[in-house]
Amino acid sequence: MSDSLTRGIETLRAQMDNRVMSYLSSCVHCGICAEACLFYTETGDARYTPIYKTEPMRKLWRQEYTFWGKLAGSLGLHSKITEADLADWEELVYDGCTMCSRCSMVCPLGIDIAYIIRKVKEGLAAAGYSPPDLVEAGNRALEIGSPMGVTLTTLQATIRAQEKETGLAVPLDVNDADYLCLLSSGEIAGFPEFIGSLAKIFKAAGVSWTISSDYFEATNTGVQLGNSKLAATLIERIVAAAEKLQVKYVISPECGHAYTTLRWDAPNIIGRPLPFRVVHIMELLDELHRDGRLKIQGITDARLSYHDPCNASRRGGVLEQPRNLLKLVAPNFVELPETGAMNWCCGGGGGVSSNERADPLRLKVFSAKKRQLDAVLPTGLVTACSNCRHMLEDGLEDNEMQDIELLGITELIADHLAGEHG
Ligand code: SF4
Ligand code: SF4
């Protein structure tokens, strides 16, 4: 057995916690989860069914934790996990799964299938079976501090441009600010107006905030890759930046998995509680409005719909806040079918859009989103995740649907601020 295969199997074995074992022993093979997965529904390929993606873990569990598996092993009858298995499952779990958790929502036994797939990724990553693009993104995150290679110099130039645009200061390294705001590289590079929008909203609402020059990245490539060590290192950088500036809260920006990772998973990943509270930007904006600090004027006639980012909405529970905000400015707001916690993934989450070889597959499964859009024909689609926004741009273009305008919710709210910053 090669060293890499041994490493992969040992890592899978180490990931076999009580939750995984109880999940694997509970599955009744009903197949209900298959119909919830866009990679299966849009391709019809049985290899993309959620439960099949857990097979390496299931195989190990059968061999080492079940009576019949142990008996077969003692007789030399069971089929061992091989390099070929790992190579096959690399494509299935990295290219053919966005970790959207839609499958986990429908399992009648309450099995969190995405949780098991995350564990499978750990084993594959340890064995060296991860997409090269994602591995490189992880290296850039570690060495440069951003999976896209966005440096502090780039951020500073972006901040200067937004300050010029808005006439407002964007605070950097302010000690004792209430809120430390993280940014995703996708936002800095693709939607820099998000930073100017924050400056306008926070100025109008009197929010004390800052960005840290020590560490500003929200994206956690360690989670996407299935590398807990890298995930922990990136979380520790946020903790160090927040502790240095003595902030009370850390804002997760418009990025789905960044929120779920920091808000819900981080204490388990680093093994201790976080010394600050985590809020998604939608939660904060909604709270500011409820407190009367965020005043809105004007409406748009556009027929807007909302694309729920899987991790913020389904796994993170940020469902009501974006809708509360949208309804302030868009009276013609229309829900997509199968929305909210059961929304269909854009197809690019969980690191899929950072993995170039998966491009044809992610564009193919965009047909699920297209069906939702065709059902209500919005003139604009709003979301709260820069990664979703990039994928939606690609999907709309690929389907010649560019007449649907794509909008970020923070910018939409900033454009409707009452008073001098509106
Ligand atoms: S997490 Fe989403 S993409 Fe992955 S198997 Fe489940 S439904 Fe499919
Ligand atoms: S829905 Fe649940 S019980 Fe049914 S096959 Fe999927 S994981 Fe197993």
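Me: Which helix supplies the largest share of the lining of the second largest cavity?

Reply: In this predicted model, the largest share, 3 residues, comes from α16. Both α15 (228–245) and α16 (256–270) supply at least two residues of that lining, which includes L182, A218 and N220.

Me: Why is C33 called buried?

Reply: Buried means under 20% relative accessible area. C33 has 10%, and is therefore buried.

Me: Why is C30 called partly exposed?

Reply: Exposed requires over 50% and buried under 20%. C30, at 44% relative accessibility, lies in between and therefore counts as partly exposed.

Me: How many disulfides does a search of the whole structure find?

Reply: The search finds 0 disulfides. A pair of cysteine sulfur atoms must lie within 2.5 Å to count as one.

Me: Where does ligand 1 sit, and what surrounds it?

Reply: Ligand 1 takes the space of the largest cavity, whose volume is about 80 Å³. Of the 15 residues lining that cavity, the closest to its centre are C37, K53, C97, C100 and C103. Residues surrounding ligand 1 include F39, P50 and I117, and its shell divides into 8 nonpolar, 2 polar and 1 charged.

Methods: Residues are numbered from 1 along each chain as its sequence is written. Chains are lettered from A and ligands numbered from 1 in the order in which they are written. This is a predicted model: local features need pLDDT of at least 70, side-chain atom pairs count only at pLDDT 80 or more; totals for chains, interfaces and linings use all residues. Side-chain values use heavy atoms; hydrogens and water are left out. A residue is near a molecule or strand if one of its heavy atoms lies within 4 Å of it. On a 1 Å grid over the protein atoms alone, a cavity is a set of points where a 1.4 Å probe fits but cannot get out, and a pocket is an open set with protein on both sides within 12 Å along at least five of seven lines; lining residues have an atom within 4 Å of a point. A molecule sits in a cavity or pocket if more than half of its atoms lie within 2 Å of its grid points. Ala, Val, Leu, Ile, Met, Phe, Trp, Tyr, Cys and Pro count as nonpolar, Asp, Glu, Lys and Arg as charged, and the others, Gly among them, as polar. Buried means under 20% relative accessible area, exposed over 50%, partly exposed in between (1.4 Å probe, protein chains only). Grid points are joined across faces, edges and corners, and a volume is the space filled by probe spheres set on the points. Helices (H or I, at least four residues) and strands (E, at least two) are DSSP runs, numbered from the N terminus.
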